[in-house]
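Subject: Handing over a structure, with notes

Dear colleague,

I am passing on the structure shown just below, and I would be grateful if you kept it open while you read the notes that follow it.

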Amino acid sequence: MNTGVAARGAAVILSLVAMAAANVARADEGMVIWKNFECGYFILQMKAGYGLYEWVAGPYPNDGDVIEGELKTPGEHRVNNKTADVPTTIFLDTYSEKRAAISARMPNQCKAKPDYKPFEGP
């Protein structure tokens, strides 16, 4: 009888571990490849595309920082800056497989800055 209880307990633990692993596997990861502190936006490059994000709260990401979390779903998300090992809150403006689509959505307040460098490409 104790063997059955132990087996059910082990099964519950294994399913919890599997669910936790599935949640980790769903997290996206991207690297900061463009940022502008003055206008509050940055771009992440991921395996399948690019995202244009507005910084909301927490430490501002720097070039080369690796960000992990929900990166492709529109809206505000609390994510982890793996490079700095700190959480930050960001807002996804747009996600695209093409750089040109991201460049087209660049906010005017970023383009109006004297040191603005366009984010271009195919």
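Phe37 is partly exposed, since its relative accessible area is 46%, where buried means under 20% relative accessible area, exposed over 50% and partly exposed in between, computed with a 1.4 Å probe on protein chains only. The model is a predicted one, in which local features need pLDDT of at least 70 and side-chain atom pairs count only at pLDDT 80 or more, while totals for chains, interfaces and linings use all residues. Residues are numbered from 1 along each chain as its sequence is written, and side-chain values use heavy atoms, with hydrogens and water left out.

Aromatic rings

By the pairing rule there are 4 aromatic pairs; under that rule, rings of Phe, Tyr and Trp (its six-membered ring) pair if their centres lie within 6.5 Å, and planes under 30 degrees apart count as stacked, over 60 as edge-to-face and the rest as tilted. One of them joins Phe37 and Tyr60 in an edge-to-face arrangement, with 4.5 Å centre to centre and 75° between the planes. Because Phe37 lies in the loop between S1 and S2 and Tyr60 in the loop between strand S3 (49-57) and strand S4 (66-69), this pair ties together parts that are 23 residues apart in sequence. Helices (H or I, at least four residues) and strands (E, at least two) are here DSSP runs, numbered from the N terminus.

Tyr60 counts as buried, at 16% relative accessibility. Tyr60 also forms a tilted pair with Trp55, at 5.7 Å centre to centre and 50° between the planes, and Trp55 is partly exposed, with a relative accessible area of 31%. Phe37, Phe42, Tyr53, Trp55 and Tyr60 form one aromatic cluster. The charged end of Lys35 sits over the ring of Phe37, 5.0 Å from its centre, the criterion being that NZ of Lys or CZ of Arg is within 6 Å of the ring centre and within 35 degrees of the ring normal.

The chain and its disulfide

The chain holds 3 helices and 6 strands, and from the N terminus on its elements run α-β-β-β-β-β-β-α-α. Of its 122 residues, 34% count as buried.

A search of the whole structure finds 1 disulfide, a term that stands for a pair of cysteine sulfur atoms within 2.5 Å. The partners are Cys39 and Cys110, whose sulfur atoms are 1.9 Å apart. Cys39 is in the loop between S1 and S2 and Cys110 in helix H3 (residues 108-111), so that the pair links distant parts of the chain, 71 residues apart. The torsion about the S-S bond is about 85°, so the disulfide is right-handed. Both ends can be described by their accessibility: Cys39 counts as buried at 8%, and Cys110 is buried with a relative accessible area of 0%.

The largest pocket

A pocket is taken, on a 1 Å grid over the protein atoms alone, as an open set of points where a 1.4 Å probe fits, with protein on both sides within 12 Å along at least five of seven lines, and lining residues have an atom within 4 Å of a point. The largest pocket has a volume of about 150 Å³, a volume being the space filled by probe spheres set on the points, which are joined across faces, edges and corners. Its lining is made up of Asp28, Glu29, Gly30, Met31, Gln45, Met46, Lys47, Ala48, Val66 and Lys72. Strand S1 (28-36) and strand S2 (41-46) are the elements that give two or more residues to this lining, and S1 gives the most, with 4 residues. The lining divides into 4 nonpolar, 2 polar and 4 charged residues, with Ala, Val, Leu, Ile, Met, Phe, Trp, Tyr, Cys and Pro counted as nonpolar, Asp, Glu, Lys and Arg as charged, and the others, Gly among them, as polar.

Lys47 lies in the loop between S2 and S3 and is exposed, with a relative accessible area of 89%. The C-alpha atoms of Lys47 and Glu29 are separated by 8.2 Å, although the two residues are 18 residues apart along the chain.

A backbone detail

Most residues other than glycine have a negative phi. Asp85, however, has a positive phi, near 55°; Asp85 lies in the loop between strand S5 (75-81) and strand S6 (86-96) and counts as exposed, at 60% relative accessibility.

With best wishes
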